[in-house]
Amino acid sequence: MQLENFLENSASHSPEKVALIFDQRRLTYAEVETAANRLSHALIAKGLVRGDRVTIWLENSPDLVIALFAVLKAGGVFVVVNPTTKGAKIQYILNNSRSRILVTDPRRAELLRDCWSDLPYLQVVCLSGEADHGDPGSCPLQLLASSAVYADQSLPDSPPDKKAIDIDLAALIYTSGSTGRPKGVMMTHLNMVSAATSITTYLQSRASDIVLCFLPLSFDYGLYQVLMAFKVGATLLLERSFAFPHRVLQTAVRERITGLPIVPTVSAILLQMDMAQYDFSSLRYITSTAAALPTAHVSRLRTLFPNARIYSMYGLTECKRVSYLPPEQLDIRPTSVGRGMPNEEVYIVDEQGRRVGPGIVGELVVRGANVMKGYWEDPQETSIRLRPGSYPWEQVLYTGDLFKADDEGYLYFVGRKDEIIKSRGEKVSPKEVEEVIYRLDGVSEVLVVGVPDTILGQAVKAYITLRPGSTLTAANVMQHCAQELEDYMRPKFVEFRDHLPTTPTGKLSRREVVTR
Amino acid sequence: MVQPDVNALRTFIANNFLFCDDFPLSDAASFMEAGILDSVGVLQIILFLEERYRIKVADEEIVPENLDSILGLAQFVGRKLTAPEMLTGGSHATK
């Protein structure tokens, strides 16, 4: 089984069923399948060969969904990046993944106008959007317009011959790491099919589901909404973002959604709204992941959505999902993130790798077909996360997250072993933000930490010492960060200090700076 | 219709989202398309409007037509200041 079979099977079973709703458009499975097939042939004609990486840098849109299936059909590996990613980081990801093809829109392509010559592996740019939007005149590479490809009847409507097998890579998902450089999580078809199968099993996903997705597809939680809906032949209501909640909720009510995936930041926004005006009687389930859902949110969500089952979950990109709390357990153990999902085993170990008993805090370890193959071309970082397991033939995932379990094996998140910040449900590497701030003239030392925030979960805060004579202001720092970092990584607070605390060995101490 | 100070709106967006003094885009330009606004940013704009103009923004008014450009903001605030209760569903309008 390969990931593109999710689309192909549903297109074959129910070609006329609506697969995707976006703005005023409704695309059937047959339409998505035909567009993806044509694009995959066009990509192959442009030189894409099995195993090639294709970076997709778009807002949520049908073109994004079509592109990722087209890449898979052609035997390629997709890399979806956040639409708010800035030029320097895109350049890093394109070069690190050695992507041969970039799928983006003319406006974003224009942001790369000064770096085309620094992208030695990139050969083709596929532009999304209407053909008459014009192309970025600055781009010296081969161009392809997706709308022209979809309309090109000389391209076959059927998929290209299969070359990949299920242990081939399907995706690289870039995630923040403690080193400050994003790392590409290598996921095979088998990894992703396994994760999608486990999750759709416990959610009891079905063809009659209509799932709302406003999470970016660069975030694996968003990406899997597409994959899982297509797997079971359901309908996905895709939105660009949750920036205008009322508009999104109105559409959701009109389409009578049955599934609502959220992160705690979204539940904080929902709970501030007058929800009585929306009829969500069709809603079958709500899922929340990325950070623990505050118990106060849980009880209010249940009042607002009395018909919906609420799933509190936990996961990390390196294995997609770890655990879910069966909704009927929510009253019994509201702070637990549940147990391992179907076809997966989890346990907690001490510093020596020995399993610990109930109530004892240790690192959570995951074994299952959903565990990644490692970080792209980074054996050192891979060896920290993937280590020998109980059996001589296996490697298991050390999550870096500290947990404890109760007597019945339900898991409770305690904290992270490293200092990664979770803001709006996404991981932020303090080091990555610090490195960006260090590039500003006048900055002497920087420490970036997460501080509690009712909406964001954690907000990013930068403590800075300046060089003598520097007149740098907080606004200067924020403007610089806005130009260099994705939205969710930008500091919300900047505080200047005369000096920053250090550890006994003389290193700057993130832990100390918050308490002083 | 009461007109809000468009320059104050430009300055607010420039200071808080672009972290500079002058708003560099046209008044009709979409904040979302320019990549300068996200879901948390929208909440920030609402807080600003409510504090500065002493208006109450209802959930159903949080739509791109009202909040996604300088022009949209100016017209929305103008309408709110002219007939606040009418717009929020009150029984009679005040001038």
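How many residues of domain 2 of chain A are in contact with domain 3 of chain A? I looked this up and found that seven residues of domain 2 of chain A are in contact with seven residues of domain 3 of chain A; contact means that the C-beta atoms, placed from the backbone, lie within 7 Å. On the domain 2 side I listed six nonpolar residues, one polar and no charged. Ala, Val, Leu, Ile, Met, Phe, Trp, Tyr, Cys and Pro count as nonpolar, Asp, Glu, Lys and Arg as charged, and the others, Gly among them, as polar.

I noted that this is a predicted model, in which local features need pLDDT of at least 70, side-chain atom pairs count only at pLDDT 80 or more, and totals for chains, interfaces and linings use all residues. Residues are numbered from 1 along each chain as its sequence is written, chains are lettered from A and ligands numbered from 1 in the order in which they are written.

I took the bounds from an automatic or database domain assignment: domain 1 (4–14 + 26–188), domain 2 (242–416) and domain 3 (421–513) of chain A. The C-alpha centres of domains 2 and 3 of chain A are 28 Å apart.

Next I checked chain B: 16 of its residues are in contact with 17 residues of chain A. α14(A) gives the most to the chain A side, four residues. That side holds 10 nonpolar, four polar and three charged residues. Helices here are DSSP runs (H or I, at least four residues), strands likewise (E, at least two), numbered from the N terminus.

Last, I counted 15 helices and 27 strands in chain A. Its C-alpha trace spans about 70 × 55 × 55 Å along the principal axes.

How values were computed: Contact = placed C-beta atoms within 7 Å.
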